[in-house]
Amino acid sequence: MKLLYPFARRFIAGPDLKTALPAICRIQESGYFSSIDILGESVATRPQAESAKSEYLKLFESLDSINHSFDFSIKLSQLGLGIDREFCTENLRQLARAMGNHTIRLDMEGSAHTQNTLEICGETHKTYPHIGQAIQAYLFRSENDVRHCIDNKISIRLCKGAYKEPADVALQSMDKIRENFFKLSCQLLKEGYQPAIATHDENLLGKLLDFIGQERIKPESFYFEMLYGVRRDLQKILKDKGYRVRIYIPYGKAWLPYTLRRLVEKKENLLFVITHLFRETFGLRKLH
Ligand SMILES: Cc1cc2nc3c(=O)[nH]c(=O)nc-3n(C[C@H](O)[C@H](O)[C@H](O)COP(=O)(O)OP(=O)(O)OC[C@H]3O[C@@H](n4cnc5c(N)ncnc54)[C@H](O)[C@@H]3O)c2cc1C
């Protein structure tokens with residue numbers, strides 16, 4: 001899997017905080033907002049979950065000395081959701097206590113975790129209002145979940161959804177997912193609490209900009225959010241138009257699952273990897 005690392009490098013800020021920090025600072029200094037994610041998910045043991053929590057605590061401390069506002073993203077399966085729900089919730093509470101005024105947004109994982117993730121978000125948000133939630137537009141249930149979050153002033157990041165889900169829980173056609181994304185985005189832009197519209201889909205963004213103009217939605221009432229290393233051109237265009245653009249910046253050693261999700265999202269990515277593998281093989285042959 002080491003062969004995939006050159007591809008992964010495009011999507012992650014580094015394998016550890018020391019290498020990631022310059023990229024994080026560069027992004028902030030260029031006028032973007034950021035949401036930092038320490039890679040990792042589906043841990044199998046309590047020590048692994050504790051260690052993920054410690055990494056986040058170290059990260060909060062390191063960033064404390066930097067005069068910027070940061071958001072954090074985290075997966076509950078990284079904090080032990082698959083081991084014991086109460087243990088995971090307690091880990092999240094400890095992070096929430098340590099993070100002060102920074103926001104922690106819970107990534108949304110595969111549908112086996114959706115209900116638990118939303119319930120834990122709801123429970124902890126009552127004491128720690130800076131906890132927010134990602135919602136996937138491809139899930140049938142998301143319309144109700146968006147309503148619930150709006151009613152409870154939980155800040156949402158809306159994305160399409162990156163996991164392979166069965167037809168009884170999720171829309172399967174990209175057109176239908178886009179349609180639902182647009183509908184939920186409009187609702188969030190009008191009624192949501194500091195929502196983030198997380199997509200690089202130019203057509204959708206164009207339609208949403210029209211909606212924002214028509215409805216006179218204030219730029220300071222929401223964010224656009226995009227992934228580190230993806231469509232930097234669009235990130236800049238939106239920022240230059242005066243919108244707040246947040247960059248989701250992952251770093252860390254556990255880069256493989258994240259990278260595989262990025263790999264399958266775009267045909268050209270597979271081509272990049274295959275070309276790279278050919279080059280490596282060809283290069284090695286030349287040395288012999
Ligand atoms: C900030 C952010 C947070 C996210 N959080 C979650 C989450 O918590 N849970 C979850 O399930 N999913 C999450 N996702 C992933 C999301 O669900 C989609 O899988 C992903 O964003 C691709 O969808 P898209 O809307 O960008 O549109 P697409 O139609 O897939 O892409 C539009 C264009 O963006 C570019 N692009 C998109 N993806 C890539 C890529 N991998 N490599 C190169 N170019 C690409 C291409 O130019 C493509 O034509 C998140 C996405 C973003 C932007």
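Q: Which residue in β6 stands opposite R157?
A: In this predicted model, local features need pLDDT of at least 70, side-chain atom pairs need 80 or more, and totals for chains, interfaces and linings use all residues. Residues are numbered from 1 along each chain as its sequence is written. Strand β6 covers residues 196–198 and runs parallel to β5, joined by two bridges (strands are DSSP E runs of at least two residues, helices H or I runs of at least four, both numbered from the N terminus). Opposite R157 stands A196.

Q: How many bridges pair β4 with β5?
A: Strands count as paired if DSSP finds at least two bridges between them. β4 and β5 pair in the parallel sense, and the number of bridges is four.

Q: Which residues of β5 point the opposite way from I156 and L158?
A: In a regular strand, side chains alternate between the two faces of the sheet. In β5, I156 and L158 share one direction. These two and the residues pointing the other way are all buried (20 or more other C-beta atoms within 10 Å; exposed means 12 or fewer, partly exposed in between). The other way point R157 and C159.

Q: How many strands form the closed barrel?
A: The order runs β1-β2-β3-β4-β5-β6-β7-β8, with parallel pairing. Neighbouring strands are turned by 25° against each other on average, direction ignored. The closed barrel has a strand count of eight.

Q: What angle does the direction of α5 make with that of β4?
A: Helix α5 spans residues 114–127 and packs on the sheet. It touches β3 (103–106) and β4, where contact means C-beta atoms within 7 Å. Its direction makes an angle with that of β4 of about 155°.

Q: Are α3 and α4 roughly parallel or roughly antiparallel?
A: Helix α3 (residues 46–64) and helix α4 (residues 85–98) have axes 10 Å apart and an angle of about 10°. Angles run from 0 to 180 degrees between N-to-C directions. Under 35 degrees counts as roughly parallel, over 145 as roughly antiparallel, 65 to 115 as roughly perpendicular and the rest as oblique. α3 and α4 are therefore roughly parallel.

Q: Which residues in α4 meet α3?
A: From α3 come R46, A49, K53, Y56, L57 and F60. Their partners in α4 are F87, N91, Q94, L95 and A98.

Q: Which strand gives the most residues to the shell around the ligand?
A: β4 (131–136), β5 (156–159), β7 (223–227) and α10 (256–265) each supply at least two residues. The top contribution is three residues, from β7.

Notes: Two residues are in contact if their C-beta atoms, placed from the backbone, lie within 7 Å.
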